[in-house]
Amino acid sequence: MCLAIPGKVISVEQDKANVDFGEGVLREVNVTLVNAHVGDYVLVHAGYAIEVLDEKEALETLNLWNEILQTENRQQ
Amino acid sequence: MAEKTRFRDPELAKRVAEKIRKLASTQESVRICHVCGTHEWTITHFGLRSLLPQNVEVIAGPGCPVCIVPASEVDEATTLAQKGVAVACFGDVIRVPGSKTSLLDAKAEGADVRVVYSVADAIKMAQNESGKQFVFFAVGFETTAPSTAIEIVNRPPENLSFLVSHRLIPPAMKLLAKMPDLSLNGFIAPGHASAIIGLTPYEEFPAKHGIPTVVAGFEPLDILFSVYMILKQLNEGKPRLENEYTRVVQLEGNTKAQRLMRRVFDVVDGNWRGLGTIPASKLALRKQYRTYDAHLKHDIRIEKGTDTPPGCQCHLVVVGKIKPDQCPLFMKACTPQKPTGACMVSNEGTCRIWAKTTDSRMAA
């Protein structure tokens, strides 16, 4: 039940945002809990955004993983 | 968003699995527990267990909020529905067995039970039908509780009240950490509950219990990397708390959600199906919001129910002591079409997830 799905914020009006979940699925989402701007990806659980996805961190995580794997290969 | 494919890169997954095998070769046996139905779904759906060496076991803890709601609370909701109150609930709650019947059974017999996607839908229904009494059966962990809190603070219509069944996940992890026969070597902490509560509530697991704890996301590489991080900690002999899901989870969590939860709820002891009473593990409406408490409004309180029907092993499945296919009822008397135990009901229940992938084998 803690499933949360990322979607892109299309518009924001007060505590409601129009969010695009892809493949033409648009839904009104409550954004009381987050500071969401147009263009942000929000993580939505049961109609409420619980966090804004940090794209920079996502890239850094992938880079870090590759780095760890490469470093360890070099050490072997 | 390209994230999905990048976090599912099979080449990278193979390389991580290789690292895991190397690290695991210096360990005797490693038992890692996750506490989230969505983690179990990822692990089972992508066959991640098949990538792990034999001495590394990932078990599913009580991570399905629907599975751990005790029968007595389902009985309260069902009784209200049978009395003529319209009960709104999430889709996977409707089939959870109570002591005798589920909300779906009550609906089949004519009771007004409505599935909603969100608590906001229940608010709209109550607004549209002001002459009817509504109850929202609020089930879910920390990920879900803030949405209930938001709506209660916003003062919902007077004909809507709440049966609050929200539970907190760290107290259940504490119970698992203390179970001597479970002997856990690592926790994979749930990413989305952690988006709300942050990292601090998990500090005691490495510090007090010596259990490496990693907050993880929900893509296959998130899970594999969290297993790698736990093994690395074990090899170094330095259990600590790490965050693998930095793209979502911040150290302090979502402080606005935490404030709202504190404003609306008290933390009380709570009964968990199959686990008994866990101290400080349940949310209850605070005094100033009691006009929204369905217990008081409709004078309903059921203290005891039948949590596990004869033969059902849900109480052992929810703590990972047995695997679903070790239950004598699994895919025999208990199937997704006709669940006997709560773990077979929700898409996040361990038995339900296993049923999807073991169906053909069982039928053969």
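Domain bounds come from an automatic or database domain assignment. The structure is a predicted model, in which local features need a pLDDT of at least 70, side-chain atom pairs count only at pLDDT 80 or more, and totals for chains, interfaces and linings use all residues. Residues are numbered from 1 along each chain as its sequence is written, while chains are lettered from A and ligands numbered from 1 in the order in which they are written.

**Figure 1. The two domains of chain B.** Chain B is divided into domain 1, residues 1–308, and domain 2, residues 314–363. Taken over C-alpha atoms, the centres of domain 1 and domain 2 of chain B are separated by 18 Å. The contact takes 25 residues from domain 1 of chain B and 19 residues from domain 2 of chain B; two residues are in contact if their C-beta atoms, placed from the backbone, lie within 7 Å.

**Figure 2. The side of domain 1 of chain B that touches domain 2 of chain B.** Two or more residues each are given to this side by α3 (37–45) and β2 (56–60) of chain B. Helices (H or I, at least four residues) and strands (E, at least two) are DSSP runs, numbered from the N terminus. The element that gives the most is α3(B), with five residues. By class, this side of domain 1 has 15 nonpolar, six polar and four charged residues. Ala, Val, Leu, Ile, Met, Phe, Trp, Tyr, Cys and Pro count as nonpolar, Asp, Glu, Lys and Arg as charged, and the others, Gly among them, as polar.

**Figure 3. The contact between chain A and chain B.** In this contact, 25 residues of chain A meet 38 residues of chain B. On the side of chain A, β4 (41–45), β5 (48–52) and α1 (55–75) each give two or more residues. The largest share, seven residues, comes from α1(A). This side of chain A has 16 nonpolar, five polar and four charged residues. For the complex, the predictor gives an ipTM of 0.90 and a pTM of 0.93.

Figure 4. Strands β10 (residues 265–272) and β11 (residues 276–285) of chain B run antiparallel and are joined by seven bridges; two strands pair if DSSP finds at least two bridges between them. B:Asp266 has B:Ala284 in β11(B) as its bridge partner. Three residues lie between the strands of this hairpin, in which B:Gly274 takes a positive phi near 85°.

**Figure 5. Confidence along chain B.** The pLDDT, the predictor's confidence in each residue from 0 to 100, averages 94 in chain B, and 97% of the residues score at least 70. Over residues 360–364 of chain B the pLDDT is below 50, and this stretch has one contact in the model beyond near neighbours in sequence. Where pLDDT is low, the predicted coordinates should not be read in detail.
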